[in-house]
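Here are my notes on this model. Please read them alongside the structure.

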Amino acid sequence: METRPNRRDLLKAAIGLAAGTASWAFGRTEKAGGEQSRAKENLFLLRYDTERGDPEGMKGFLEKVVEVHRSHQIPATLFCTGAALERMEMPFRSFYGEVKDDALFDIQDHSYSHIGLGYERGKPIPTLKADYERSFAVHERLFGVRPIGISMCATGGRDGNGLASFDATEKSRAELEMVASLGVRMINSYLTGVNRSRTFINYGVMGYPEIMGFPSGYPDTGWMHRRERGDPLEYILGEIRKRADRHETMPLMLHDWVAWTRAADRELTHVKRIVDAARKVGYKLVTHVDCLRNKDLWA
Ligand SMILES: [Zn+2]
């Protein structure tokens, strides 16, 4: 449903105009059918899956996000679990008070209890739905805003093997239908034949033309927390350069707890370095909701 633009939308539009982003040109965007269109600007999607909910361990994180992202003008999407929001209600309330009219920050959902979508076994649909409804209710209670985006949660072996797409099984089809029924307008690109980490899609091929799929990849749980690729910064900066050379979208999946407890300092220095390097090779940083609003990109 279309709503009248609020203060936040107007601010975003004004900022977009000021920054010359009113008409974006995009890097290679691959449509669901495999057709590709070549354009000028490479996009960088930085997000934090925000799920720790540990008031002591995460103390200071949200304030630092505001400080660093604002001073360096770094757009970020925070996909928050309802449970983390509840456990850190006061810090999140003050965070929202700070950022609610700032187009750099996009706040979306990551389920209530970190529940898995897209698994062979997985939880029954009513259980999944109740979990997302519970999370959305927390967002509404704390922020007065219902999320329209979900980043899918990885649940390891608990739910069986991961599927390749929402069109893989009857259950995964029902999962997307459930997500659509909640009013969700963006979720990971998760469709047969689509590269999950590179491609924006339109879920119209599954009957949901209003839903955008966004690329997702490079979780810091792998390259930073578990150090699976050697020196974390060397690795990720190398990947950014490779993607820039190929004019590909770069999704970067950070986690609140990794960025705060596994980094070399508590200044988000690694985030600044990553963004500086990305900008140097021509990336334009955007939030997920920026992409949703730019239908040329995915529809
Ligand atoms: Zn997660």
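1. Two strands pair if DSSP finds at least two bridges between them. Helices (H or I, at least four residues) and strands (E, at least two) are DSSP runs, numbered from the N terminus. Strand 7 pairs with strand 8 (residues 212-214) in the antiparallel sense, over 2 bridges. Asparagine 202 has methionine 212 in strand 8 as its bridge partner.

2. This is a predicted model: local features need pLDDT of at least 70, side-chain atom pairs count only at pLDDT 80 or more, and totals for chains, interfaces and linings use all residues. Residues are numbered from 1 along each chain as its sequence is written.

3. An open sheet holds 3 strands in the order 6-8-7, with mixed pairing. Strand 6 (186-188) and strand 7 (201-202) are at the edges with a single partner strand each, so one side of each has no neighbour in the sheet.

4. Strand 9 (residues 250-255) has 6 of its 6 residues buried (20 or more other C-beta atoms within 10 Å of its own, C-beta atoms being placed from the backbone). Met250, Leu252 and Leu254 cover one side; Pro251, Met253 and His255 are on the other. Strand 3 (residues 42-50) pairs with strand 9 in the parallel sense over 6 bridges.

Methods
A residue is buried if 20 or more other C-beta atoms lie within 10 Å of its own, exposed if 12 or fewer, and partly exposed in between; C-beta atoms are placed from the backbone.
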